[in-house]
Amino acid sequence: MPFGNVTNSSGNLPQLDGTYTLEIVRLEDLEPGQFGDRMRWVFNATDDEGDLVTYESGDPYEWYQTTGATLGPRSTARDWAQKFLGRDLADGEKGHEVAAELVGKKARALVELQDNGYSKISGLTAMKRKQAKTEVDPF
């Protein structure tokens, strides 16, 4: 089911509400905010039928969320990075190294439309990774 005809109240942006597969397109540094450094996570979203969320023109809709830029043990950025990577981050991993590894990674997300008309990730789950098949020696 394409989402090109589902828009917000201003009539020009797709609205996300439900479960999606999110793929990280890029990560952007933002100007520091009230609580420190911030970053923007830019995603492409695919619905449960496997359809990419697009603008009415058919171009992919790049949806974004903003978090703090630290990878501390209780930070949202660390939690999301671990879920997109499908592994725990090691102590001392650097943000730029993790960011380079994150681009192109996918995770399942529960996205909820808020009262203010904007969508927000309310839950994120790692994708199940396909395990490599290994041949067993019959002898």
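A residue counts as buried when its relative accessible area is under 20%, with exposed meaning over 50% and partly exposed in between (1.4 Å probe, protein chains only). By that cut-off, 7 of the 10 residues of α1 are buried, so this helix is largely enclosed by the rest of the structure.

The model is predicted: local features need pLDDT of at least 70, side-chain atom pairs count only at pLDDT 80 or more, and totals for chains, interfaces and linings use all residues. Residues are numbered from 1 along each chain as its sequence is written, and side-chain values use heavy atoms, leaving out hydrogens and water.

Start with the whole chain. It has 2 helices and 5 strands, taken from DSSP runs (helices H or I, at least four residues; strands E, at least two) and numbered from the N terminus. Their order along the sequence is β-β-β-α-α-β-β. Of the 139 residues, 29% are buried.

Now look at α1. Its buried residues are Ala-77, Arg-78, Trp-80, Ala-81, Gln-82, Phe-84 and Leu-85. They pack against β1 (18–33), β2 (36–46), β3 (62–68), α2, β4 (106–113) and β5 (119–126). Contact here means heavy atoms within 4.5 Å. Just after α1, Gly-86 takes a positive phi of about 75 degrees.

Next comes the helix pair. The axes of α1 (residues 76–85) and α2 (residues 95–102) come within 10 Å and cross at roughly 40 degrees. That makes α1 oblique to α2; angles under 35 degrees count as roughly parallel, over 145 as roughly antiparallel, 65 to 115 as roughly perpendicular and the rest as oblique. Axes are lines fitted to C-alpha atoms, for helices over the stretch in contact, with angles running from 0 to 180 degrees between N-to-C directions. On the α1 side, Ala-81, Phe-84 and Leu-85 meet Val-98, Glu-101 and Leu-102 of α2.
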